[in-house]
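Subject: The structure I promised you

Hi there,

Here is the structure I said I would pass on, with my notes below it. Have a look at it first, and then read on for what turned up.

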Amino acid sequence: MADYCLSCCPAVDLTPERMKQRELAYVCFKYTLDGREYLDDMGQTMSSQELFDRMCSGAQTKTSQISVEEYIRHFEPLLKQGKDILHVTLSSGLTGTYNSACIAREELAEQYPQQKIYIVDSLGASSGYGMMMETLADLRGAGKTIDELYAWIENNKLQLHHWFFSTDLSFYIRGGRISRAAGMAGNVLHICPLLDMDRQGHLEPREKVRGKSNVMKRIVEKMESCAQGGTSYNGRCYICHSVCRQDAETVAAMVEERFPALKGKVEIFPIGTTIGSHTGPGTVALFFWGNQRNH
């Protein structure tokens, strides 16, 4: 067993079973629903389906970043076990939790000077962030040291591509991410914005595609142009969705047909409560390893 721990947060949008299987520790975000606070514990307290049902009924949601104190409470028991830590955070382009983790590291370094605490900004989110953690778990299983993993992820994290589309702009309007006028016009015209993560880990709109079938084709075309090896891509591919499983399965089938050398089937996960509090229902995201993100 490795003498270090891989750590992240539930915004990796995997499952508790997968996290346990891959020996990935996590520290929870919190979110509020109509003023009541909940832990994002990967659906164990509240499922994504219940969250989205309540959002569609008018419930107001808000997320809060992980505090320095919460990070210290998460890291210290691992350090007391003699473990070094490699912790990967949700993108700093979406939350300030990376800074909190770094402050916690500095405070703990004084008490545990002989142990390593590496903090990595994933510059990613959702199951793309999860794919990153699974790849690190693979490398740990292959016998790589914590120093080798830290160097590898810092050198390769911008090769993890995140492409998203949404068929429902209601919650983007509610959260202020697009204007009410633009959002209402988009819904009327069936505009499905296609977005990706930039080099700074921000979610950026790239194209306005009219119609769900067209945006599904377009997201697969983006994978063809960006994936390592093009249609010969032989790595993992993950998809996540916010209560639109059928749409996710349609995209997965298109990917599997276009990329016959994939490492196994496309894996599909639900978007969790931290990310889902901002997207609402109707979002599909596609993740794969590709060329260096250059914008």
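Two strands are taken as paired if DSSP finds at least two bridges between them. Please keep in mind throughout that this is a predicted model.

With that rule, there is an open sheet of 6 strands, in the order β10-β9-β8-β13-β11-β12 and with mixed pairing. The edge positions belong to β10 (203-210) and β12 (267-270); each has a single partner strand, so one side of each is left without a neighbour in the sheet. From one strand to the next the twist averages 20 degrees. As for the pairing itself, strands of a sheet are held together through backbone hydrogen bonds, either parallel or antiparallel. At the β10 end, strand β9 (residues 191-197) and β10 run antiparallel and are joined by 7 bridges. If you want a pair to look up there, Leu194 has Glu207 in β10 as its bridge partner.

Helix α10 (residues 245-258) touches β8, β11, β12 and β13, and its direction makes about 160 degrees with that of β11. Helix α5 lies across β8 (160-166), β11 (237-241), β12 and β13 (283-289), running at about 30 degrees to β13.

What else does α5 (residues 126-141) pack with? Its partner is helix α6 (residues 146-156), at an angle of about 145 degrees and with the axes 10 Å apart. The crossing of α5 and α6 is right-handed. On the α5 side the contact is made by Met132, Thr135, Leu136, Leu139 and Arg140, which meet Leu149, Trp152 and Ile153 in α6. By type, the residues of this contact comprise 6 nonpolar, 1 polar and 1 charged.

Now for a parallel pair. Strand β6 (residues 84-89) and β7 pair in the parallel sense over 5 bridges, and Thr89 stands opposite Asp121 in β7. Strand β7 (residues 117-121) has 5 of its 5 residues buried, so it is largely enclosed by the rest of the structure. Ile117, Ile119 and Asp121 point one way from β7, while Tyr118 and Val120 point the other way. Note that Asp121 is among the buried residues of β7.

Helix α2 (residues 48-56) gives another view of burial. Its buried residues are Ser48, Leu51, Phe52 and Met55. Down the axis of α2 these fall within an arc of 90 degrees, so they line one face of the helix. In general, an α-helix has 3.6 residues a turn, so residues three or four places apart point the same way. Just after α2 comes Gly58, with a positive phi of about 110 degrees.

Most residues other than glycine have a negative phi. Asp13, in the loop between β1 (4-8) and α1, has a positive phi near 50 degrees. Glu23 also has a positive phi, of about 55 degrees, although it is not a glycine; its place is in the loop between α1 (16-21) and β2 (24-26).

Are these two residues buried or exposed? Asp13 is buried, with a relative accessible area of 2%, whereas Glu23 is partly exposed at 45% relative accessibility. Glu23 is also 122 residues from Thr145 in sequence, and their C-alpha atoms are 16 Å apart in space.

Note on methods. Residues are numbered from 1 along each chain as its sequence is written. This is a predicted model: local features need pLDDT of at least 70, side-chain atom pairs count only at pLDDT 80 or more; totals for chains, interfaces and linings use all residues. Side-chain values use heavy atoms; hydrogens and water are left out. Axes are lines fitted to C-alpha atoms, for helices over the stretch in contact, and angles run from 0 to 180 degrees between N-to-C directions. Helices (H or I, at least four residues) and strands (E, at least two) are DSSP runs, numbered from the N terminus. A crossing is left-handed if the near helix is turned anticlockwise from the far one by less than a right angle, and right-handed if clockwise. Contact means heavy atoms within 4.5 Å. Ala, Val, Leu, Ile, Met, Phe, Trp, Tyr, Cys and Pro count as nonpolar, Asp, Glu, Lys and Arg as charged, and the others, Gly among them, as polar. Buried means under 20% relative accessible area, exposed over 50%, partly exposed in between (1.4 Å probe, protein chains only). The arc is that of the directions from the helix axis to the C-beta atoms.
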